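Student: Hey, I've got a new structure to look at and I'm a bit lost. Can you walk me through it?
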Amino acid sequence: MDPTSRAPLVSIVICVYNGGPHLRDSVRSALGQSYPAIEVVLIDDGSTDGAVDALAGIDDPRLRVLRQENAGKPVALNRALDELSGEFYAIQDADDVSHPDRIARLVRRMEEEPATAAVFSGYELILDGRRVAPRFRDKSVEECARDIAAYAMPAHDPTAMYRVAAVADLRYATDLPMAEGYDYILRVGERHPMSVVGASLYGYRVHSSDTNTTRDPGGRIRQVHAVHARARARRGPGAPGPPAAGARPIRSRHAQADNNLAAHFMESVIDQRRVGRRAGALRTGLACGRLHPLDLHYQKPLAYALLPM
């Protein structure tokens, strides 16, 4: 019997606007999954760089390319939700890569936890072509519920897989193009259980522009505040608000520009120290320090690697 006839179909959703040289590798990693029953639904959000046209050489009937005028990632995601055929759907950013067993591991967790609506995984960074700083902490349903109650995502949003039947009535907020994933995860988690697979199964690419001040941290912060306000309104007048930012805000201008990338390195060091990978933790701390050698905030992961737990 064909093994695909027994496996639930998974739709891997890739939204792209000018994916550049990394799009092809991203699509190949999605098509190269060990899991037998997948489709890749790629939404071209008005790209002008020719990267999507270059995919024509990939002769695979599991790849569907849908085009629209440029309208932003949330609109593209909603288009994909209207078009996909899978029992589950997984997110993948257009310049990131999935490990070969990513979908198989996430489906296994979904089948082990039939009430779960979303499953995430750990991930590493792809920085200047190198894979660094893996995070792989497992989280139970209870731990994820505590994260959602505290207005926190249980894991990085593009690592997610969703059970379509549980989220069929939800769509991404089109007015939150820098925080649509955060908002969506909070809404799913307020209604359904979630968990995190304790393995690094996803490669998240960090570009040089992500580590300087070319981004719009002010716009992102405003959208995060809007997500918080909406979540608090949904939870009712007696619900606690998000935790305060604290009396000692991060003063690093680099951290403000890159959404505190150093925090990822700190978590990676902790994950590796917990399982006895001291050498890996040290390499991770050194890699973070090299990003901004004169910024003390980016030296903290190295301190985490060297100091007692």
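Predicted model: local features only at pLDDT ≥ 70, side-chain atom pairs only at ≥ 80, totals over all residues.

Student: Okay, what's the phi of Asn-18?
Tutor: Asn-18 has a positive phi of about 55 degrees, although it is not a glycine. Most residues other than glycine have a negative phi.

Student: And how accessible is Asn-18?
Tutor: Asn-18 is partly exposed, with a relative accessible area of 27%.

Student: What about Asn-259, what's its phi like?
Tutor: Phi of Asn-259 is near 60 degrees, and that is a positive value in a residue other than glycine. You'll find Asn-259 in the loop between helix 8 (253-257) and helix 9. Its relative accessibility is 45%, so Asn-259 counts as partly exposed.

Student: Now Ile-250. Where is that one?
Tutor: Ile-250 sits in the loop between helix 7 (217-235) and helix 8. Ile-250 is partly exposed, at 38% relative accessible area.

Student: Which residues is Ile-250 in contact with?
Tutor: Setting aside neighbours within four places in sequence, Ile-250 is in contact with Ala-255, Gln-256, Asn-260 and His-297. Take Asn-260: it is 10 residues from Ile-250 along the chain, and their C-alpha atoms are separated by 8.5 Å.

Student: Switching to helices. How do helix 9 and helix 10 cross?
Tutor: The axes of helix 9 (residues 261-274) and helix 10 (residues 278-291) come within 8 Å and cross at roughly 170 degrees. That crossing angle makes helix 9 roughly antiparallel to helix 10.

Student: Which residues meet there, from helix 9 and from helix 10?
Tutor: From helix 9, Leu-261, Ala-262, Phe-265, Ser-268, Val-269, Gln-272 and Arg-273 take part. In helix 10 they meet Arg-278, Gly-280, Ala-281, Thr-284, Gly-285, Ala-287, Cys-288 and Leu-291. By class, the contact of helix 9 with helix 10 has eight nonpolar, five polar and two charged residues.

Student: Which residues of helix 10 are buried?
Tutor: Gly-280, Ala-281, Thr-284, Gly-285, Ala-287, Cys-288 and Gly-289 are the buried residues of helix 10.

Student: And what do those buried residues pack against?
Tutor: The buried residues of helix 10 pack against strand 7 (130-135), helix 9 and helix 11 (300-306).

Student: How far apart are the end C-alpha atoms of helix 10?
Tutor: They are 21 Å apart. At 1.5 Å a residue, the 14 residues of helix 10 should span 20 Å, which agrees.

Student: What about helix 6, how far does that reach?
Tutor: Helix 6 (residues 180-191) has 12 residues and reaches 17 Å from its first C-alpha to its last. That is close to the 16 Å expected at 1.5 Å a residue.

Student: How many residues of helix 6 are buried?
Tutor: The number is 10 of the 12, so helix 6 is largely enclosed by the rest of the structure. Among the buried ones are Glu-180, Tyr-184, Leu-186 and Arg-187.

Student: Let's pick Tyr-182. Is it buried or exposed?
Tutor: Tyr-182, which lies in helix 6, is buried, with a relative accessible area of 12%.

Student: Which residues does Tyr-182 touch?
Tutor: Not counting residues up to four places away in sequence, Tyr-182 touches Tyr-151, Met-153, Val-224, Val-227 and His-228. With Tyr-151 there's also a polar pairing: the backbone oxygen of Tyr-151 lies 2.5 Å from a polar atom of the side chain of Tyr-182.

Student: New topic: where is Phe-88 found?
Tutor: Phe-88 is in strand 4 (residues 88-93). Phe-88 is buried, at a relative accessible area of 1%.

Student: So what does Phe-88 touch?
Tutor: Leaving out residues up to four places away in sequence, its contacts include Pro-8, Leu-9, Val-107, Met-110, Met-161 and Tyr-162. As for Ala-166, it is 78 residues from Phe-88 in sequence and 9.7 Å away in space, C-alpha to C-alpha.

Student: Last one, Asn-78. Buried or exposed?
Tutor: At 11% relative accessibility, Asn-78 counts as buried. Asn-78 is found in helix 2 (residues 73-83). Apart from neighbours within four places in sequence, Asn-78 is in contact with Arg-171, Tyr-172 and Thr-174.

Key:
Residues numbered from 1 in each chain as written. Heavy atoms only, no water. Helix = DSSP H or I, 4+ residues; strand = E, 2+ residues; numbered from the N terminus. Expected span 1.5 Å × (residues − 1). Buried < 20%, exposed > 50% of the residue type's maximum accessible area, 1.4 Å probe, protein only. Contact = heavy atoms within 4.5 Å. Polar contact = N/O pair within 3.5 Å; in protein donor to acceptor, adjacent residues only side chain to side chain. Axes fitted to C-alpha atoms, helices over the stretch in contact; angles between N-to-C directions. Parallel < 35°, antiparallel > 145°, perpendicular 65-115°, else oblique. Nonpolar A, V, L, I, M, F, W, Y, C, P; charged D, E, K, R; others polar.
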